[in-house]
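Hi,

Here is the structure I promised to pass on. Have a look at it first, and then read my notes below.

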Amino acid sequence: MPGYCVPLRMSLRPVIHGHLHPARLSAYVNKGSRRAQFRSINAHRAHYDRFLGCLDARKFSSATPKASAPASAHVQQAPTDEIVNPGRAYTPPTSGILSLLPSSWVPYAELVRIDKPTGSYYLYFPCLFSTLMAAPMAVPMASPGSVIGTSLLFFTGALIMRGAGCTINDLWDRNLDPHVARTRLRPIARKAVTPFQGLVFTGFQLLAGLGILLQFPAQCFFYAAPSLLFVAAYPLAKRVTYYPQFVLGLTFSWGAIMGFPALGIDLLSNTSASSAAGLLYASNIAWTVLYDMIYAHMDIKDDAKAGIKSIALKHDQQTKQVLTGLAITQVGLLAGAGMAAGAGPAFFIGSCGGALLTLGIMIKRVNLKSVKNCWWWFVNGCWMTGGVVCLGLGADYLQRYVQKDEDEEDSL
């Protein structure tokens with residue numbers, strides 16, 4: 001029972017036992033040393049409501065003495081939803097793509113983050129990087145048509161597999177998400193989708209992903225399969241290490257390898273291609289840790305309360321220095337991949353120079369204490385850095401493709 005109820009216990013005995021009409025409550029409240037504090041019930045409605053709660057607690061304890069607990073403990077208890085789900089309640093979407101779907105589909109569309117596609121783009125960009133880097137190395141050199149077709153398949157696969165990864169993540173985090181403001185209304189957290197339904201839905205997504213994978217050369221299956229281990233391990237990593245972003249990098253960067261076998265390049269026998277793929281993969285891991293460290297700052301307070309580990313918590317005071325080191329690492333490894341692939345000036349100026357510029361601007365300007373600002377840079381930084389890397393790779397590929405045609409004409 002709150003402390004201000006105790007001194008009034010004797011004077012309010014008739015009220016507690018139901019012998020006084022509630023309308024006369026203010027006459028009792030205004031007695032004694034509490035007269036100034038409770039001068040007007042209407043002006044102090046919050047105190048009035050809490051006071052009535054004390055009366056209800058006393059009535060309950062007097063009616064059932066055997067089950068009674070200390071009054072203070074009883075009053076301090078609150079419904080689970082008020083503790084776990086503070087703030088606004090869930091409201092069905094009224095705009096955007098989710099509002100166009102049948103209501104029964106909405107929880108599953110939310111589960112795959114169909115209304116937040118940035119994660120799919122981050123998963124897709126490494127696939128596009130490797131496709132553009134591998135295209136000039138293929139024998140014969142891949143045609144623009146095959147590059148576009150392969151890129152579209154990768155985009156479809158990225159949409160599906162990112163959704164599967166989100167579902168797996170939410171299944172792992174179903175007991176943690178209700179404690180984080182940003183995630184408390186996710187479908188599994190708010191019980192709109194049961195864990196069993198989520199598991200079945202994951203199975204359908206993986207089957208759809210397999211259908212896309214089978215459209216690639218057969219060797220791609222053996223290169224892609226190990227990535228599922230990282231997909232399943234990432235949510236667990238948040239519980240055991242402050243560097244789950246590294247595990248996410250191993251997962252999201254896997255596409256940096258896949259473009260080479262997708263265009264028929266055997267990484268086991270082609271040393272240049274395997275070196276380029278390995279360096280490009282490592283470069284994308286650094287990029288993933290970089291952008292997800294910014295993303296993690298959106299939840300840093302809630303993560304600390306919920307016991308979720310992240311690199312943002314571990315290096316909160318040195319975040320910009322860590323981001324700078326990651327950016328330099330990313331660009332350095334990207335340049336090494338270009339050298340292994342025999343890339344020309346267009347790549348080093350456009351991709352490497354452009355990435356260094358966009359990352360530098362982002363790191364300088366991002367306000368890590370602002371959730372909205374972190375989100376803005378997370379979304380737009382994807383297109384800034386990913387876009388310039390693709391432009392440089394695309395320009396290098398087209399230049400080499402045109403040069404190949406000219407050499408063939410000269411040889412005739």
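A quick definition to start: buried means under 20% relative accessible area, exposed means over 50%, and partly exposed is in between (1.4 Å probe, protein chains only). This is a predicted model, where local features need pLDDT of at least 70, side-chain atom pairs count only at pLDDT 80 or more, and totals for chains, interfaces and linings use all residues. Residues are numbered from 1 along each chain as its sequence is written, and side-chain values use heavy atoms, with hydrogens and water left out.

Now to Arg186, which sits in the loop between helix 8 (144–172) and helix 9. Helices here are DSSP runs (H or I, at least four residues), and strands are too (E, at least two), numbered from the N terminus. Arg186 counts as buried because its relative accessible area is 15%. Leaving aside residues up to four places away in sequence, Arg186 touches Arg113, Asn169, Asp170, Asp177 and Tyr295; contact means heavy atoms within 4.5 Å.

What about the other end of the scale? Phe222, in helix 10, has 63% relative accessibility, so it is exposed. Phe222 belongs to a nonpolar surface patch with Phe196, Val200, Phe204, Leu207, Leu210, Leu214 and Phe221. Helix 9 gives the largest share of that patch, 5 residues.

Of its 412 residues, 46% count as buried. Among contacts between residues at least 6 apart in sequence, 75% join residues at least 24 apart.

Cheers

Note on methods
Patch = residues over 30% accessible without salt bridge, like charges linked within 9 Å, V, L, I, M, F, W, Y side chains within 5 Å. Areas by Shrake-Rupley, 256 points an atom, 1.4 Å probe, with all protein chains shown as cover. Salt bridge = Lys/Arg side-chain N within 4 Å of Asp/Glu carboxyl O.
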